[in-house]
Amino acid sequence: MTAGQPLTDIDRKPWLELIRMTAEHMSLQQQADVKLTGRSGVVVACSALKKYYRDILRGWKQVVPEADTSPEHLEPLHPDMLATYFVFIKGTREVLLERMEKRTGHYMKPAMLDSQLSTLESPEGEDNVIVVSAEDTTLEQLEKVREGMLEDW
């Protein structure tokens, strides 16, 4: 991506599976810690532009022949082990581009925005998806996420 070329599904699949597996392990470690009170959990930040990607992060085994290149060392995913929520920060192309242009030293260049938007399969309407506006302040976004997650607890 640093070279301006987006990753393919084949590139992403093992990486997304590893993220899920790592989150599951971290959650199990938290649950085993007798000092921990409340719910365990892990926050992961990634674009997850396609439903296929989000389903992998949910722990659902996805097989797409051209992308079925999972390394043999990866353990099977366990969808019931860890509830998964997605926060969709919804914004217009103009708002997103303005923010990207203000970043310095980031691997994701503004010229890649259009390819990302054309790949995006909106998660709106999927289970456990909380939609916030890109134009809200960070505090407003956090409050909406907290409220959305508390509804399920």
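## A first look at the model

Asp-136 counts as buried because its relative accessibility is 18%; buried means under 20% relative accessible area, exposed means over 50%, and partly exposed is in between, using a 1.4 Å probe and protein chains only. This is a predicted model, in which local features need pLDDT of at least 70 and side-chain atom pairs count only at pLDDT 80 or more, while totals for chains, interfaces and linings use all residues. Residues are numbered from 1 along each chain as its sequence is written, and side-chain values use heavy atoms, leaving out hydrogens and water.

### The overall plan

Let us start with the whole chain. The protein chain has five helices and two strands; these are DSSP runs numbered from the N terminus, with helices (H or I) of at least four residues and strands (E) of at least two. Starting at the N terminus, the order of the elements is α-α-β-α-α-β-α. Of the 153 residues in the protein chain, 31% are buried.

### Charged pairs

Back to Asp-136: this residue sits in the loop between S2 and helix H5, which spans 138-150. Its side chain makes a polar contact of 2.5 Å with the side chain of Lys-144. A polar contact is a pair of N or O atoms within 3.5 Å; within protein, one atom must be able to donate a hydrogen and the other to accept it, and residues adjacent in sequence count only if both atoms are side-chain atoms.

Asp-136 and Lys-144 also form a salt bridge, with the closest N and O atoms 2.5 Å apart. A salt bridge is a side-chain nitrogen of Lys or Arg within 4 Å of a carboxyl oxygen of Asp or Glu. Lys-144 counts as partly exposed because its relative accessibility is 38%.

How many salt bridges does the structure hold? There are 12 of them. In another, the side chains of Asp-9 and Lys-50 meet at 3.2 Å, N to O. This pair links distant parts of the chain, 41 residues apart: Asp-9 belongs to helix H1 (residues 9-32), whereas Lys-50 is in the loop between H1 and helix H2 (51-57).

Ile-56 lies in helix H2. Although Ile-56 and Glu-17 are 39 residues apart in sequence, their C-alpha atoms are 6.2 Å apart in space. Arg-20 has its place in helix H1, and a polar atom of the Arg-20 side chain lies 3.2 Å from the backbone oxygen of Arg-58.

Which residues make up the largest nonpolar core? Its 11 residues are Leu-16, Ile-19, Ala-48, Leu-49, Tyr-52, Tyr-53, Ile-56, Leu-57, Phe-86, Phe-88 and Val-129. The elements giving two or more residues to this core are H1, H2 and strand S1 (86-90). H2 provides the largest share, with four residues. A nonpolar core is a set of buried Ala, Val, Leu, Ile, Met, Phe, Trp, Tyr and Cys residues joined through side-chain atoms within 4.5 Å.

### Two positive phi angles

Most residues other than glycine have a negative phi. Ala-48 is not a glycine, yet it has a positive phi of about 40°; Ala-48 is in the loop between H1 and H2. Asn-128 has a positive phi as well, near 60°, and lies in the loop between helix H4 (113-119) and strand S2 (129-133).

| Residue | Relative accessibility | Class |
|---|---|---|
| Ile-56 | 0% | buried |
| Arg-20 | 2% | buried |
| Ala-48 | 9% | buried |
| Asn-128 | 31% | partly exposed |

### A pocket to look for

Which residues lie nearest the centre of the second largest pocket? They are Arg-58, Trp-60, Thr-84, Asp-127 and Asn-128, out of 12 lining residues. On a 1 Å grid over the protein atoms alone, a pocket is an open set of points where a 1.4 Å probe fits, with protein on both sides within 12 Å along at least five of seven lines, and lining residues have an atom within 4 Å of a point. Its lining divides into four nonpolar, two polar and six charged residues.

Terms used: Ala, Val, Leu, Ile, Met, Phe, Trp, Tyr, Cys and Pro count as nonpolar, Asp, Glu, Lys and Arg as charged, and the others, Gly among them, as polar.
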